[in-house]
Amino acid sequence: MSWDVLVFHAPADVGSVDHIPEDFDPPPLGTGPDVRRSLRDNLRDLDLSDPEWGHLVGPTWHIEVNIGPHDPVDSIMLYVRGGGDDVLAVVARIVASVGGRALDISTGEFLTGEPTQTVGWHGFQQYRDQILRGS
């Protein structure tokens, strides 16, 4: 179970997935080599030994970075596990390194990079903890 965040080029003037025009065709984030190079340059601890699935481990969290096999890279899916709000800054660094915007799949809202924007991340942790407790 993870908190899922989709990184792609979305219109700058929309706040949620509901406001993206149906005919919108996002441009790619870049070529596979360029996207991987940018991620490596900006996230020194990122393990890209599998170029399609990166791994980034923090003190209380883990992010799987699904780049996929396609070239150019249209989007990146982040699978975030663990806890601690410091992971939000790392998600923002990933987005900044490849461009585009981050869509919180659980809320349908775009992340703004503000450290106070924690609804989806906290909601995931509460749901996970409830499931693990069996209640």
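Visitor: How many aromatic pairs does a search of the whole structure find?
Guide: This is a predicted model, where local features need pLDDT of at least 70, side-chain atom pairs count only at pLDDT 80 or more, and totals for chains, interfaces and linings use all residues. Residues are numbered from 1 along each chain as its sequence is written, and side-chain values use heavy atoms, with hydrogens and water left out. Rings of Phe, Tyr and Trp (its six-membered ring) pair if their centres lie within 6.5 Å; planes under 30 degrees apart count as stacked, over 60 as edge-to-face and the rest as tilted. On that basis, the number of aromatic pairs is four.

Visitor: Is the pair of phenylalanine 8 and phenylalanine 110 stacked or tilted?
Guide: The ring centres of phenylalanine 8 and phenylalanine 110 are 6.0 Å apart. Their planes sit at 45°, so the pair is tilted.

Visitor: How many residues apart in sequence are the parts that phenylalanine 8 and phenylalanine 110 tie together?
Guide: Strands here are DSSP runs (E, at least two residues), helices are H or I runs of at least four, and both are numbered from the N terminus. Phenylalanine 8 belongs to strand E1 (residues 3–8) and phenylalanine 110 to strand E7 (residues 109–111), so the parts tied together are apart in sequence by 102 residues.

Visitor: Are phenylalanine 8 and phenylalanine 110 buried or exposed?
Guide: Buried means under 20% relative accessible area, exposed over 50%, and partly exposed in between (1.4 Å probe, protein chains only). By that rule, both phenylalanine 8 and phenylalanine 110 are buried.

Visitor: Which helix holds both tryptophan 121 and phenylalanine 124?
Guide: The ring centres of tryptophan 121 and phenylalanine 124 are 5.7 Å apart with planes at 20°, so this pair is stacked. Tryptophan 121 is buried at 0% relative accessibility, and phenylalanine 124 is buried at 7%. The two sit three residues apart, about one turn, in helix H3 (residues 119–133).

Visitor: Which residue forms one aromatic cluster with Trp121 and Phe124?
Guide: Trp121 and Phe124 belong to a cluster of aromatics.

Visitor: What pattern does the protein chain follow along the sequence?
Guide: Stepping back, the protein chain has three helices and seven strands. Read along the sequence, they give β-α-β-β-β-β-α-β-β-α.

Visitor: What share of contacts between residues at least 6 apart in sequence join residues at least 24 apart?
Guide: Contact means heavy atoms within 4.5 Å. Among the contacts in the protein chain between residues at least 6 apart, the share joining residues at least 24 apart is 60%.
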